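Subject: Structure for you to look at

Dear colleague,

Below is the structure I said I would pass on, with the sequence alongside. Please open it first, and then read my notes with the model in view.

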Amino acid sequence: MRVVDRAVGAVIALLAVAVFWSSRSFPNVPGQKLGASTLPGIVAVGLFVCGLLLVLRSTRAARYAAEPAAPAAAERIAPAFGILASIVLYVAASDALGYLIVAPLSLLVALRTLRVGWGRAIGWSVVAAIAVHLAFYKLLKVPLPWGLVPVLY
């Protein structure tokens with residue numbers, strides 16, 4: 001597992017470098033302070049940090065612990081189905097219900113599938129959904145569906 005984590009982390013970090021490098025060639029948007037490369041660049045930096053942390057964590061864990069037993073098939077497949085269910089929930093309901101209702105629910109399903117505790121899952125779901133909505137609506141000027149929620153700002 002640690003070898004796989006290191007390999008996946010390295011691939012993610014390399015992918016992030018490629019995304020960042022290619023996004024530099026995106027054109028500037030007239031009248032906007034931020035160009036088309038801003039969001040891909042931010043995502044690339046985040047991916048790079050996550051990939052690097054995965055490599056470092058797996059390298060550090062190799063010194064202190066023996067290889068864990070492989071999880072059962074159901075334990076390996078359940079998180080994938082939970083993530084897919086959260087994506088399907090978002091795609092199916094976001095236009096009708098609105099981003100601010102569906103995104104936290106989708107994130108909650110995904111985080112609980114990954115065994116994040118209820119308190120943290122609820123907190124991160126709400127904070128992340130609001131932060132993304134504000135980033136798209138205010139910063140990037142890209143409206144997300146309001147659905148049942150009245151326009152707040």
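This is a predicted model: local features need pLDDT of at least 70, side-chain atom pairs count only at pLDDT 80 or more; totals for chains, interfaces and linings use all residues.

Residues are numbered from 1 along each chain as its sequence is written, and side-chain values use heavy atoms, with hydrogens and water left out.

Aromatic pairs

Rings of Phe, Tyr and Trp (for Trp, its six-membered ring) are taken as a pair if their centres lie within 6.5 Å, and the pair is called stacked when the planes are under 30 degrees apart, edge-to-face when they are over 60, and tilted for the rest. By this rule there are two aromatic pairs. Tyr90 and Tyr99 make an edge-to-face pair, 6.1 Å centre to centre and with 80° between the planes; Tyr99 counts as buried, at 8% relative accessibility. Tyr137 and Trp146 also form an edge-to-face pair, with 5.5 Å centre to centre and 80° between the planes. Of these two residues, Tyr137 is partly exposed with a relative accessible area of 22%, and Trp146 is buried at 14%.

Helix α1 and its two sides

Helices here are DSSP runs of H or I with at least four residues, and strands are runs of E with at least two, numbered from the N terminus. Helix α1 covers residues 2–23, which is 22 residues, and reaches 31 Å from its first C-alpha to its last, close to the 32 Å expected at 1.5 Å a residue; the expected span is 1.5 Å times one less than the number of residues. The buried residues in α1 are Arg2, Asp5, Gly9, Ala13, Ala16 and Ser23. Seen down the axis of α1, these buried residues fall within an arc of 100°, so they line one face of the helix, the arc being that of the directions from the helix axis to the C-beta atoms. On the other side of α1, Val3, Val11, Leu14 and Trp21 are exposed.

Because Arg57 lies in helix α2 and Asp5 in helix α1, the pair ties together parts that are 52 residues apart in sequence. Asp5 counts as buried at 18% relative accessibility. Val55, which is in helix α2 and is partly exposed at 22% relative accessibility, is 50 residues from Asp5 in sequence and 6.5 Å from Asp5 in space, C-alpha to C-alpha.

The nonpolar surface patch

Val17, Phe20, Val45, Phe48, Val49, Leu52, Leu53 and Leu56 make a nonpolar surface patch of about 680 Å². Patches are made of residues with over 30% relative accessible area and no salt bridge, with like charges joined within 9 Å and nonpolar side chains (Val, Leu, Ile, Met, Phe, Trp, Tyr) within 5 Å; the areas come from the Shrake-Rupley method with a 1.4 Å probe, and for residues only the protein chains shown count as cover. The elements that give two or more residues to the patch are α1 and α2 (38–64), and α2 gives the most, with six residues. Val45, in helix α2, is partly exposed at 45% relative accessibility.

Helix α4 (residues 99–113) has 15 residues and reaches 21 Å from its first C-alpha to its last, close to the 21 Å expected at 1.5 Å a residue. Its buried residues are Tyr99, Val102, Ala103, Pro104, Ser106, Leu108 and Ala110. In the loop between α4 and α5 (118–139) lies Arg115, a residue other than glycine with a positive phi, near 65°, and Arg115 is exposed with a relative accessible area of 67%. Lys141, in the segment after α5, likewise has a positive phi, near 60°, and counts as exposed at 55% relative accessibility.

With best wishes

Methods: Buried means under 20% relative accessible area, exposed over 50%, partly exposed in between (1.4 Å probe, protein chains only). A salt bridge is a side-chain nitrogen of Lys or Arg within 4 Å of a carboxyl oxygen of Asp or Glu.
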